[in-house]
Amino acid sequence: MNHLEPELKRLMNWARHGLAPKPDQAPLGFSRRVLAGLESEQTAPSPLVFERLVAISAWASTVVIVCGLIFFASQTRSGESVLNFTSAYQFLAKNILP
Amino acid sequence: MGIECSVVTPSEDTAFDMADCLERVRRKDEPAARVLVERLYPLVIKVVRANLPRRASEEDLAQEIFLKVFVKLDQFRSAVPIEHWVSRIAVNHCLKALRAQKARPEWRMADLSKEEADTLEALSTSSTDAPHPADAVGAVELVSRLLDMLSPEDRLIIRLLEMEDRSVEEIRRLTGWSATVIRVRAFRARRKLNKRFAKLKKEGKL
């Protein structure tokens, strides 16, 4: 194992002498501030909830876009105008809606 | 950046039942949580003072660490003393804060304060281990500047090994790093520090 230069080692020893002792006790009200911070953190919506919302929204958007594309393709293939929703409505009425 | 000593010792007060305190904290007992903060504060603040980024508030950093401790408390298993577990959280949090700070620009002899220049001069002319008070203050600044040139991990290793005379085993417990990682990091950190110090003495810049 290598070592520090003797002068550098001595500098570090000198630095130890120059360190002013500081109190180790928690300042007044510190624990109260920590617990208040904890409480506000727990009541605030977690970033995980937002992440989940974003993921769900992204999936929902993807599903809508894919459905729209399928509808567009089927309408184009059947020769009907894409603005004509009749066949789509009939499909929903017959198969999906009660 | 401070260069205080960081002491990590398991709770020696046998009258205090840490396990019971932790159990009550888990049950959202506020007085118990306050007691836990009061008991662990000296440990956390020593780690923070030893690894404080420039212009950061030690109290704010300590508060962030305690928030992390409370949030993760359910993950704590009593396989290690709570003090070691908290130390690792504190060390990792401080290292993350240090990594986020901008690198200090190159430092030249002309940038040294009078105390620092005098200390460097005294260091080369004197061989005493008991410095003049003014040299001791200059030494704190010089060491702090030198350590600032290292990565946060190297800085921590040098401080623990060279300034606090910690053993590799103690550092392993404190940081969670393996003994090999500590030895390799210490070797590289010493080499870098020796190089910087030699450059400072020779060319007047780091």
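Biologist: Where is K28(B) found in chain B?

Modeller: In this predicted model, K28(B) sits in the loop between α1 (18-26) and α2 (30-50) of chain B. The residue is exposed, as its relative accessible area is 66%.

Biologist: Which residues of helix α8 of chain B are buried?

Modeller: In general, residues three or four places apart point the same way, because an α-helix has 3.6 residues a turn. In α8 (residues 168-175) of chain B, the buried residues are V168(B), I171(B), L174(B) and T175(B). These residues lie on the same side of α8(B), because they cover an arc of only 125° around the axis.

Biologist: What does the side chain of T175(B) reach at 2.7 Å?

Modeller: It reaches the backbone oxygen of I171(B). A polar atom of the T175(B) side chain also lies 3.2 Å from the backbone nitrogen of W177(B). T175(B) belongs to helix α8 of chain B and counts as buried because its relative accessibility, 5%, is under the 20% cut-off. Leaving aside neighbours within four places in sequence, T175(B) is in contact with R88(B), V91(B), L156(B) and I182(B).

Biologist: Is E83(B) buried or exposed?

Modeller: E83(B) is buried, with a relative accessible area of 8%. This residue is in helix α4 (residues 82-100) of chain B.

Biologist: At what angle do helices α5 and α6 of chain B pack?

Modeller: Two packed helices are described by the angle between their axes and the distance between the axes. Here α5 (residues 114-125) and α6 (residues 133-148) of chain B pack at about 100°, with axes 8 Å apart. That angle makes α5(B) roughly perpendicular to α6(B).

Biologist: Which residues of α5(B) and α6(B) meet?

Modeller: From α5(B), the residues are E115(B), E116(B), D118(B), T119(B), L120(B) and A122(B); they meet A134(B), D135(B), G138(B), A139(B), E141(B), L142(B) and R145(B) in α6(B). By class, this contact of α5(B) with α6(B) has 6 charged, 5 nonpolar and 2 polar residues.

Methods:
Residues numbered from 1 in each chain as written. Chains lettered and ligands numbered in written order. Predicted model: local features only at pLDDT ≥ 70, side-chain atom pairs only at ≥ 80, totals over all residues. Heavy atoms only, no water. Helix = DSSP H or I, 4+ residues; strand = E, 2+ residues; numbered from the N terminus. Buried < 20%, exposed > 50% of the residue type's maximum accessible area, 1.4 Å probe, protein only. Arc of directions from axis to C-beta. Axes fitted to C-alpha atoms, helices over the stretch in contact; angles between N-to-C directions. Parallel < 35°, antiparallel > 145°, perpendicular 65-115°, else oblique. Contact = heavy atoms within 4.5 Å. Nonpolar A, V, L, I, M, F, W, Y, C, P; charged D, E, K, R; others polar. Polar contact = N/O pair within 3.5 Å; in protein donor to acceptor, adjacent residues only side chain to side chain.
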